[in-house]
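Visitor: I am new to reading structures. Could you walk me through a few features?
Guide: Gladly. Let us take them one by one.

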Amino acid sequence: MSSSPEPQQQQKSQKQVDAEFTSYYLQRATQEFGEALDAVRSADDFKPDSSIAVLISALQQGTGMFSEEDKRAVICSEGAARSSK
């Protein structure tokens, strides 16, 4: 069997793939680093009005270490995992 992405995933624009990957990445990061994020949010100098935007931006920066092909592969594998449930 081929490891190429499913046809539906191949048809997505790179912008769509980037948006889906960013969403997936942020979900996984908040799951994996939940306790650390809670500690940051409960710090005395945490300001909800500005700190949340900075925190989200910092987490999103992690998506930059993945190639476009890697992002598409993750989205394809997540789509296949969801459709098999």
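Visitor: Where does lysine 71 lie?
Guide: This is a predicted model. Lysine 71 sits in helix 5, which spans residues 68-83.

Visitor: Is lysine 71 buried or exposed?
Guide: Look at relative accessibility. Buried means under 20%. Lysine 71 has 9%, so lysine 71 counts as buried.

Visitor: Which residues does lysine 71 touch?
Guide: Skip residues up to four places away in sequence. Then lysine 71 touches Val17, Asp18, Phe21, Thr63 and Phe66.

Visitor: Let us follow one of those, phenylalanine 21. Where is the place of phenylalanine 21?
Guide: Phenylalanine 21 is in helix 2, residues 14-32. With 2% relative accessibility, phenylalanine 21 counts as buried.

Visitor: What is phenylalanine 21 in contact with?
Guide: Leave aside the neighbours within four places in sequence again. The contacts of phenylalanine 21 are Thr63, Phe66, Lys71, Val74 and Ile75. Take valine 74 as a case. Phenylalanine 21 and valine 74 are 53 residues apart in sequence, yet their C-alpha atoms are 7.4 Å apart in space.

Visitor: Now the aromatic rings. How many aromatic pairs are there?
Guide: Rings pair if their centres lie within 6.5 Å. By this rule there are three aromatic pairs. Consider tyrosine 25 and phenylalanine 66. Their ring centres are 5.9 Å apart and their planes stand at 70°, so this pair is edge-to-face.

Visitor: Which parts does the pair tie together?
Guide: Tyrosine 25 lies in helix 2, and phenylalanine 66 lies in the loop between helix 4 (48-60) and helix 5. The pair therefore ties together parts that are 41 residues apart in sequence.

Visitor: How do tyrosine 25 and phenylalanine 66 count by relative accessibility?
Guide: Tyrosine 25 has 19%, so tyrosine 25 counts as buried. Phenylalanine 66 has 27%, so phenylalanine 66 counts as partly exposed.

Visitor: Which residues form one aromatic cluster?
Guide: Phe21, Tyr25 and Phe66 do.

Visitor: One last residue, please. Where is leucine 55?
Guide: Leucine 55 is in helix 4. Its relative accessibility is 21%, so leucine 55 counts as partly exposed.

Visitor: What does leucine 55 touch?
Guide: Not counting residues up to four places away in sequence, leucine 55 touches Leu37 and Phe46. Leucine 55 and leucine 37 are 18 residues apart along the chain. Their C-alpha atoms are separated by 8.9 Å.

Technical notes
Residues numbered from 1 in each chain as written. Predicted model: local features only at pLDDT ≥ 70, side-chain atom pairs only at ≥ 80, totals over all residues. Heavy atoms only, no water. Helix = DSSP H or I, 4+ residues; strand = E, 2+ residues; numbered from the N terminus. Buried < 20%, exposed > 50% of the residue type's maximum accessible area, 1.4 Å probe, protein only. Contact = heavy atoms within 4.5 Å. Phe/Tyr/Trp six-rings, centres within 6.5 Å; stacked < 30°, edge-to-face > 60°.
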